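Please work through the exercises below with the sequence and the model at hand. Each task is followed by a solution in steps.

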Amino acid sequence: EFESVGFEKTWKTIYYADEADDGIISFIIQYFDLAGNPSQPITIASNNKSITKDGTLPELDEVKLFTSNVYDSTLAVQSDSVFLQFTATESIQNIEVKLDFVESNQLNLDSLTYTFFHVFTSSDSEGTIPISIDFMDMAGNKGENVDETNDDSEVFYDRTPPAAFKVETVG
């Protein structure tokens with residue numbers, strides 16, 4: 001039971017949902033008129049909306065990294081694209097994906113599987129590229145930052161042309 005405050009036809013009560021279980025928060029409103037006659041119990045909001053408590057943090061699974069390089073999907077050269085694909089445990093929002101410290105663009109969303117990409121340019125740093133994924137669920141629960149893949153996949157960006165070599169006739 002919660003104490004109500006109000007006047008005439010407008011009343012409210014505050015319920016702190018810290019201890020509530022995840023799911024729809026149910027309620028019963030019972031009131032009496034000035035003569036002491038009870039009302040019919042109210043269990044549904046007049047607009048038919050409900051409030052759902054979501055205290056579960058979102059997670060990412062199947063985080064994979066690969067490139068468009070035709071020779072090796074773990075290597076990249078200038079103009080190749082790197083793709084980061086992951087599946088969320090629930091709908092997420094405010095997704096910030098960085099590939100090689102550059103904010104990346106979303107390419108695809110299929111159900112809860114997201115794909116982001118970045119096209120390598122001469123300004124990208126050479127070497128194994130770092131990743132970063134920040135996100136939150138629709139209720140505002142912030143997921144833990146992801147900075148590595150689940151399958152240990154990495155992409156190496158190579159800007160160095162091969163060294164010159166000498167072709168000779170050997171006798």
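**Exercise 1: Salt bridges**

Two salt bridges are counted in this predicted model. Identify the residues that form them, and classify glutamate 96, lysine 98 and aspartate 134 as buried, partly exposed or exposed.

*Solution.* Step 1. A side-chain nitrogen of Lys or Arg must lie within 4 Å of a carboxyl oxygen of Asp or Glu. Glutamate 96 and lysine 98 form a salt bridge through their side chains, with an N to O distance of 3.8 Å. Aspartate 134 pairs with lysine 142, and here the closest N and O atoms are 3.9 Å apart.

Step 1. Lysine 98 is partly exposed because its relative accessible area is 30%. Aspartate 134, at 21%, is partly exposed as well.

**Exercise 2: The pairing of β8**

Determine which strands pair with β8, and in which sense.

*Solution.* Step 1. Strand β8 covers residues 92-99 and pairs with strand β13, residues 131-137, in the antiparallel sense over six bridges. Within this pairing, leucine 99 stands opposite isoleucine 131.

Step 1. Strand β9, residues 102-103, is joined to β8 by two bridges, and these strands also run antiparallel. Lysine 98 faces glutamate 103 of β9.

Step 2. A hairpin is formed by β8 and β9, with two residues between them. In its turn, aspartate 100 has a positive phi of about 55°.

**Exercise 3: Serine 81**

Is serine 81 buried or exposed, and which residues does it contact outside its sequence neighbourhood?

*Solution.* Step 1. Serine 81 belongs to strand β7, residues 81-88.

Step 1. The relative accessibility of serine 81 is 13%, which is under 20%, so the residue counts as buried.

Step 2. With neighbours within four places in sequence left aside, serine 81 is in contact with Phe66, Thr67, Ser68, His118 and Val119.

How values were computed. Residues are numbered from 1 along each chain as its sequence is written. This is a predicted model: local features need pLDDT of at least 70, side-chain atom pairs count only at pLDDT 80 or more; totals for chains, interfaces and linings use all residues. Side-chain values use heavy atoms; hydrogens and water are left out. Helices (H or I, at least four residues) and strands (E, at least two) are DSSP runs, numbered from the N terminus. Buried means under 20% relative accessible area, exposed over 50%, partly exposed in between (1.4 Å probe, protein chains only). Contact means heavy atoms within 4.5 Å. Two strands pair if DSSP finds at least two bridges between them.
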